[in-house]
Amino acid sequence: MTIAPQSRAPVAPSEPALSVTGVTHTFGARKALDDVTLEAPRGAFTALVGQNGAGKTTLFSLITRLYDNRSGTIRVLGHDVRRDPAAALSQLGVVFQSRTLDLELTVLQNLLYHAALHGIGRREAKERAYVALRRVSLEGRAKDRVRALSGGQMRRVEIARALLHQPSLLLLDEPTTGLDIGSRRTLIEEVRRLIDEDGIGVLWATHLVDEIEVADRVVVLHKGRVMADGTVDELRARAGAEDVGAAFLAVVGADDAEGVVLARRASA
Amino acid sequence: MTIATTAPGVERRITAGGYLVCLGGIVWRESLRFLHQRGRFLSALVRPLVWLFIFAAGFRATLGVSIIPPYETYVLYEVYIAPGLIAMIQLFNGLQSSLSMVYDREVGAMRILLVSPYPRWFLLVSKLVAGIAVSLLQVYAFLLVAYFWDVQPDDPIGYLTVLPALILTGFMLGAMGLAMSSVFKQLENFASVMNFVIFPMFFASSALYPLWRVQQASIPLYEICRYNPFTSAVELIRFALYRQIDWTSLAVVAGCSVVFLAAAIFAYDPSTGLTSRRGGPDAGK
């Protein structure tokens, strides 16, 4: 039994890791996303910047198909998440904002469970788990209960888990929330290394602008709308601002951007 | 450094073997969690035993049970209520797995389950199978203790013939819990589940007293008991323990299973689903 074999057409190399086109989503009367269009290419770091409540988590819920987008299309490596969810989801690795590890189980057990959810058998899963853990420098903790890990280590385990099925797109929803400066730096460096080594596409949602580097692509989401989309340089040039933070303020309007400014100060 | 043999972007085909691996993984995790929660196992065992050792012993004298099918002789009150207690174990377990679904949703583990590329109905059925496996473990542990209390079927074969009935009743009660789990937003609601679901279902059934006795007391109550699917679950188990099939109960349990499962699949479906209408699992934050 295989699912939708006709959808297994080879993917054109030009397909971006993620492409979202014209997606609007409402909860009752509240418009969480308003005609959102954005792209995350392969082999690149795309920052999705926005304050709390900007619609980042809603967008992630739609991409991961927690619920369906009612308008527009969302494609992961060319696969429409609504028409061909199996192909899209198998190309997708996610690190959610809330912690999603089983605290009572060991690191390895958590990874094996995830591998099983992707149909990866026990022996192969074990090999992959150790390789993935080595990448985040945690192979020594495989047999430890998750409860014994620090916040930063848990995040790294979640990244290892998201990589187990070798996705082409890695989504991270504010992954540095609650981490100290050292762990934040390690985490960001590790994800950037993944991009260089594997050519994986990364969509990194954050409200901390200092997590963005000059070479990155930036999508600014504000009150459910995409306010800017381009490289850091383009964003700065457009706003006539020196740094990303100031550019962000200019783009969303200074009065609205308080949360981001505060976050910057806190993280400085 | 490469992560494994294949590069990212290489597509993994969804095969029949993959379905089995996925199902196995879900059952494995649920069992691991169950083993880690020793308190849950203990309370699942102690609860029916309290009813058996104390309640039944106390009421043995006051409640006479006449000879009704499937019993061919007078039976002790303990023997009469054993099938009801077995169904109670499964009822609690079914609702507990729904509780764990709500918990999973709060801590986000649910999202890990739902981003699996396998179809959602399959993931839900796998959850259900995992819950049934755990409930069977609990039921047979109870039957073992009850055996030493002289509460046994008339023939040891009954322990075998009850198994298919248990799987079916576990399916029905688990699916009911699953469907209900989509309705509850947060854990606090579980206390009301106890009051509004478990107690009424259990007491308005044939678990503690034969229906003809209820009929003598109150006709409306008798009708309620008769149409309570929990009564059918109890009777299905009762007859199966005595190597018989109660066809009416079988039909009701099977029918309710289908309806509850359909409701759960509908509720968790991303396009029709209640998750979206309610603003998703993070809506409460």
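Author: A helix here is a DSSP run of H or I with at least four residues, and a strand is an E run of at least two. By that count, chain B has 12 helices and zero strands. Keep in mind that the model is predicted.

Reader: What pattern does chain B follow along the sequence?

Author: Reading along chain B, you get α-α-α-α-α-α-α-α-α-α-α-α. Of its 285 residues, 53% count as buried. As for contacts in chain B between residues at least 6 apart in sequence, 78% join residues at least 24 apart.

Reader: Why are α3(A) and α1(B) called roughly antiparallel?

Author: Start with the angle: the axes of helix α3 (residues 107–117) of chain A and helix α1 (residues 16–36) of chain B cross at roughly 150°. Angles over 145 degrees count as roughly antiparallel, so α3(A) and α1(B) get that label. Their axes come within 7 Å, and the crossing is left-handed.

Reader: Which residues meet where α3(A) and α1(B) touch?

Author: From α3(A) there are Gln109(A), Leu112(A), Tyr113(A), Ala116(A) and Leu117(A). On the α1(B) side they meet Val21(B), Cys22(B), Gly25(B), Ile26(B), Trp28(B), Arg29(B) and Leu32(B). The residues of this contact divide into nine nonpolar, two polar and one charged.

Reader: What makes Gln153(A) count as buried?

Author: The cut-off for buried is under 20% relative accessible area. Gln153(A) has 18% relative accessibility, so it counts as buried. Gln153(A) sits in helix α5 (residues 151–163) of chain A. Leaving out residues up to four places away in sequence, Gln153(A) touches Leu138(A) and Arg141(A).

Reader: Which residues touch the most other members of the largest nonpolar core?

Author: Those are Leu18(A), Leu48(A) and Ile63(A), in a core of 58 residues. Helix α5 (residues 120–148) of chain B gives the most to this core, with six residues.

Reader: What is Ile63(A) in contact with, leaving aside its neighbours within four places in sequence?

Author: Ile63(A) is in contact with Leu18(A), Ile74(A), Val76(A), Val81(A), Leu89(A), Leu92(A), Leu171(A) and Leu203(A). Apart from this core lies another, of 54 residues, including Tyr159(B), Ala207(B), Ala233(B) and Ile237(B).

Key. Residues numbered from 1 in each chain as written. Chains lettered and ligands numbered in written order. Predicted model: local features only at pLDDT ≥ 70, side-chain atom pairs only at ≥ 80, totals over all residues. Heavy atoms only, no water. Axes fitted to C-alpha atoms, helices over the stretch in contact; angles between N-to-C directions. Parallel < 35°, antiparallel > 145°, perpendicular 65-115°, else oblique. Left-handed = near helix turned anticlockwise from the far one by under 90°. Contact = heavy atoms within 4.5 Å. Nonpolar A, V, L, I, M, F, W, Y, C, P; charged D, E, K, R; others polar. Core = buried A, V, L, I, M, F, W, Y, C linked by side-chain atoms within 4.5 Å. Buried < 20%, exposed > 50% of the residue type's maximum accessible area, 1.4 Å probe, protein only.
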